Amino acid sequence: MTTPYPFTALVGQDDLRLALLLNAVSARVGGVLVRGEKGTAKSTAVRALAALLPDVAVVVGCRFSCDPGAPDPACPDGPHAPGASAARPTRMVELPVGTSEDRLVGSLDIERALAEGVKAYEPGLLAAAHRGILYVDEVNLLSDHLVDGMLDAAAMGASYVEREGVSVRHAARFLLVGTMNPEEGELRPQLLDRFGLTVEVTASREPEERMEVVRRRLAYDDAPEAFAARWASEESALRERIVAARALLPEVRLGDGVLRQIAATCAAFEVDGMRADIVMARTATALAAWAGREDVTSDDVRQAALLALPHRRRRNPFDAPGLDEDKLDETLERFGDDDPDPGPGPDGPGGGRPPAEDGDAPAGDEGGDAPDAGPDRPEAGSGEGSTDPSEGPSVPSPARPEQPAAGSGEPFRTKLLSVPGTGEGAAGRRSRARTEHGRTTGSGRPRGALTKLHLAATVQAAAPHQRARGRSGPGLVVRRDDLRQAAREGREGNLVLFVVDASGSMAARRRTGAVKGAVLSLLLDAYQRRDKVGLVTFRGRDAEVVLPPTSSVDAAAARLEALPTGGRTPLAAGLLTAHDVLRVERLRDASRRPLLVVVTDGRATGGADAVALATRAARLHAAEGTASVVVDCEAGPVRLGLAARLARELGGPSVTLDELRADSIAGLVRDVRDTRGRAA
């Protein structure tokens, strides 16, 4: 067995170590979500904590690790009579990203349940983690239904398995630790709220500290046993402190004064619901026990707020988690023990709504609705040989110089843009797909292990053979060949690739703000529908992959916000670059169907054959069956309809910025389908 890295040998990462230790003292804190860049000792710290925790006593032969002193009366292996017990080390169970639901919660043998009436249950990872640690690396990449099931078990302390009327329940109390890199995508706010504490980790920028990290790691890699022996006394002392804090925890008092501070802090930061208040109270109590005190203090409340509130303040996926410590200190001082009732403020009790923090202003405050230096008019000189009468004579003109990035307009709810047909991609909320979850649409023979039984079809298949099989009693004689898998239809997530025109013809400030607001709205929609997103921009003489396909919608929004504009319109280059991106992504994940969203006014420039090149590039996408939609950004009294023409070549629809809104009169849903096939 590999010798784990000692917990006390970790360098820095004080918040991470404290959050893990508080959960070791009180599992009711609710686990830890560790956010940060790779290579910051996240996994090392969790494995080190598992080795540090005291051994647990278990009932011999129980697959669910029941406590001999208080066995679970509903244990599937029970009831347990007083008898032999044994001590084993605390387990750390790792949940892989690619795990299945049956592997997580356990599986039932449906064939034996139908034919023999027995609950043949095989425990899953939740059962293995009971009274230990469940570690989920890259929790943001797990399917939502798996995260929901895991967090439900953590909150209730039990796991329930239901399969076609057969039910099994077992205890599942564990210390939950999830890690994630925000650059690879965020968790939904509803799931973030289910983690008790959150910690941001980054690598130290201090040379001396980084040197010490390297020294210790090299020493451990060269001789793990010898390195662990050097830290044995510190590990033993820390283990004893955990045991002492657990024993003291029931005696800790949470007075009304500090409870008022907790409630006031959660109200001041406008967190949703009451879970934050409860988690803060439990964390502050654990902090007092960890310090060896029987009373919770304001310092405990402050530290609890720094660990429990930052991830609960996000209002949308583009908000960065964080907490204003000056505001926190003001709130704690105002509602401290020396002044339990601050009285009504100028706007009512407590002083009314707290002032907005930096970065909390709406995205549109500096965007498309801001006053412009001039009117919104098409840019003369945005290309070569323009034929729009509103843009002046049709003569070549110099390309527009690069303009600084303009702010984006206020995001809005968009229409659903979906890929036609039925896919088999990752679970999401955009396009129709054959999935493990959803409405039942049919049945068939299982391919491999049976996962979702279609009961009616199974009975129908077995019924004609009952006499031949010698059935004599009321039970149905079922053979493996009778079993039918339920075919289900749900929704999948897609790869939404944005191809955004950043040329001079789009550079009027108000129009740029409106276009960015529209793309930001589509990004928000992609986040809510569990899509991957990518961003290609084109201007000047070439196109650029600003963001390769990723699950991080936050990163796409940040790149979009900083996008400059100006120059000619190399539309063909943008479409060809998008084609290359999609070709590579098909090799990486053939089941994730793409949706191409082209945001442009369609005015291809940059050469005499610019329009013809763009047409050929569009037909290339159409020939490969890529679902596409063109967001027409053309403005002004005279419109050439070039974006609509591009959409016809791509084989998809064209929508204006106004039509993109879900509340427009054009309808609530627009499917992306081949317009030429529909006309036929």
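Is Asp14 buried or exposed? I looked this up first in the predicted model. Asp14 is exposed, its relative accessible area being 52%, and the cut-off for that class is over 50%.

**Entry on Arg17 and Asp14.** I next looked up the partner of Asp14. Arg17 makes a salt bridge with Asp14, and their closest N and O atoms are 2.6 Å apart. I noted that both residues belong to helix α1 (residues 14–25). They are 3 residues apart, about one turn of the helix. Arg17 has a relative accessibility of 21%, so I recorded Arg17 as partly exposed.

**Entry on Asp525.** I then turned to Asp525, which forms a salt bridge with Arg529. For this pair I recorded 2.9 Å between the closest N and O atoms. The relative accessible area of Asp525 is 6%, so I listed Asp525 as buried, the limit for buried being under 20%. I also found that a network of salt bridges links Arg430, Asp525, Arg529 and Asp531.

**Entry on Glu649 and Arg619.** Which residue forms a salt bridge with Glu649? I found Arg619, with the closest N and O atoms 2.8 Å apart. Glu649 is in helix α20 (residues 642–650) and Arg619 is in helix α19 (residues 610–623), so this pair ties together parts that are 30 residues apart in sequence. Arg619 is partly exposed, with a relative accessible area of 46%.

**Entry on the whole structure.** How many salt bridges does a search of the whole structure find? I recorded 30 salt bridges from that search.

Definitions and conventions
Residues numbered from 1 in each chain as written. Predicted model: local features only at pLDDT ≥ 70, side-chain atom pairs only at ≥ 80, totals over all residues. Heavy atoms only, no water. Salt bridge = Lys/Arg side-chain N within 4 Å of Asp/Glu carboxyl O. Helix = DSSP H or I, 4+ residues; strand = E, 2+ residues; numbered from the N terminus. Buried < 20%, exposed > 50% of the residue type's maximum accessible area, 1.4 Å probe, protein only.
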